[in-house]
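Take a look at the model below. The paragraphs after it go from one chain to the pair.

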Number of protein chains: 2
Amino acid sequence: MELFFSREIDGSICRLDADESAHCVKVLRHREGDDIHVIDGEGTLYTCRILSASPKEVEAQVTGVERDWGSHPYRLRMAVCPTKNTDRYEWFAEKATELGVDVITPVIGDHSERKVFKTDRLKRILLSASKQSLKGAVPQVDEALPLRDLIRSYASVPPSYVAEGGTVLKDSTLSGEQVLKLICCCYEGEEKRVSIGELLAESQASEIVILIGPEGDFSREEVALALECGFRPVHLGPSRLRTETAALAAVAAVYFHYCGDKGM
Amino acid sequence: MELFFSREIDGSICRLDADESAHCVKVLRHREGDDIHVIDGEGTLYTCRILSASPKEVEAQVTGVERDWGSHPYRLRMAVCPTKNTDRYEWFAEKATELGVDVITPVIGDHSERKVFKTDRLKRILLSASKQSLKGAVPQVDEALPLRDLIRSYASVPPSYVAEGGTVLKDSTLSGEQVLKLICCCYEGEEKRVSIGELLAESQASEIVILIGPEGDFSREEVALALECGFRPVHLGPSRLRTETAALAAVAAVYFHYCGDKGM
């Protein structure tokens, strides 16, 4: 199944931009009257019939609409420190898209060697990965921001998990959705780490944010700040994983937890 | 922790080859009397004290031995069809090594576009990944072989799983170890696919072999042969995954199942 992407789907008419039109008409040789499939990158699949097939602009009539196409039953934000080698970040992001992720946020931590991270190429890779893996929604890529800013932005979001003894911890006086906030760190801090699988199993949230540190791990101050802001420290099993492998393993754990039992 | 690799550990003396010696002496500037850590690639970590530090050959006295160093509590063989782009296979293999895999077997299926697969570069990548992720054992890389030959080689190995109703299916008249034999396929064949997590949870085996098909999936004949030979058809959840992503997701599922609850 070949997918096109368009930002211009207006009522019942869909227009492809120059790149997509050229691919549609010159490479795939589509003509007037052909049916094509178009995603809007926000979760909807449109079936369209081509009205005019110029290699500069394809215009098509929308004949079918399927919302939440290729969606997953959770909302996952991965806040991952850039790797020294950008390829490694890109493959994490591509593979995470195939499995199912909603937002990728490059975050700059105390031990990050790379302090600047360009997102243009990453956005193109994720659009391509979304098409290839038949998903209507393309993951959002944020501009890089300081890790502490990201952590603090979750300070007022109530954590959602079941504490020892089975009490559901939620503060109903706070607004905001329940979010399962996790920080994957390599050492024991003040709070004992548990396995990511255990926290997922206990949680009642379907919105998750996961922090993954740089090659040199988080600083102790960053972990302390995260705990203050309601993040739970988790580990990803006994193996020593690179940043990008840890990030993808965390996405896989979430994916298998929420929808591993549903086949394609 | 910097690791060296040696095939020449004889009683109490360890010798590094020319590459490792150059790295040890020229790059890391180790000298006589320094302690270094050496893996044999078969699971053992040796602590050694350098006796002579030539950039062509380092000779060292073994002072400590740790078996099963960085090991995992399962034995996993991934039989994966080569991807069109070799990079993709290499990153799967690298990431699988970090998580934990024992044998990687490139297999050529009916729909494989790539029929030849060189393993030299892959072996070097896995040695490097094993050192980086602190594992004493380097995964074995087999020479590529026809998928049907691999499937048939498991024909007499008793499957190990619990059937519906809770009966443990094993044929004690057959010799050979219990092996959980899984084929990840994208369509329903004669036997209904279940999730990989479900079969792992039911199984009593700690030895697993998983088949992953090429871009065009397995042929129906290959799936039928695999089922005849005791493989169970599994799915990896609802997402459409590339070959290398499916392979890594399967490794992650096994890793989290067997040891996700144990922290580093």
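Buried residues make up 44% of the 264 residues in chain A. Keep in mind that this is a predicted model. The C-alpha atoms of chain A fill a box of roughly 65 × 40 × 30 Å along the principal axes. How do the contacts run along the chain? Of the contacts in chain A with a separation of 6 or more, 73% join residues 24 or more positions apart.

Now turn to one element, helix 7 of chain A. It covers residues 243-259, 17 residues in total. From its first C-alpha to its last it reaches 24 Å. That is close to the 24 Å expected at 1.5 Å a residue. Is helix 7 of chain A largely enclosed or largely open? Here 14 of the 17 residues are buried, so the helix is largely enclosed by the rest of the structure.

Next comes the nonpolar core. The largest one has 114 residues. Which residues have the most contacts inside it? They are A250(A), V251(A), A250(B) and V251(B). Take A250(B) as an example. Leaving out residues up to four places away in sequence, it touches C184(B), I196(B), I210(B), I212(B) and L236(B).

The two chains also meet. In that meeting, 31 residues of chain A are in contact with 31 residues of chain B. Which elements give two or more residues to the side of chain A that touches chain B? They are helix 2 (86-99), helix 5 (196-202) and helix 7 of chain A. Helix 7 of chain A gives the largest share, 7 residues. By type, the residues on this side of chain A divide into 13 nonpolar, 10 polar and 8 charged.

Last, consider how the copies are arranged. Two copies of a chain are related by a rotation about an axis and a shift along it. Here a rotation of 180° with 0.0 Å of shift along its axis superposes chain A on chain B, with an RMSD of 0.0 Å. The two copies are therefore related as by a two-fold rotation axis. In chain A, the C-alpha nearest the axis belongs to A252(A), 3.5 Å from it. The same surface serves both copies, as 100% of the contact residues of chain A recur in chain B.

How values were computed
Residues numbered from 1 in each chain as written. Chains lettered and ligands numbered in written order. Predicted model: local features only at pLDDT ≥ 70, side-chain atom pairs only at ≥ 80, totals over all residues. Helix = DSSP H or I, 4+ residues; strand = E, 2+ residues; numbered from the N terminus. Expected span 1.5 Å × (residues − 1). Buried ≥ 20, exposed ≤ 12 C-beta atoms within 10 Å, placed from the backbone. Contact = placed C-beta atoms within 7 Å. Least-squares fit on C-alpha atoms with pLDDT ≥ 70 in both. Core = buried A, V, L, I, M, F, W, Y, C linked by C-beta atoms within 7 Å. Nonpolar A, V, L, I, M, F, W, Y, C, P; charged D, E, K, R; others polar.
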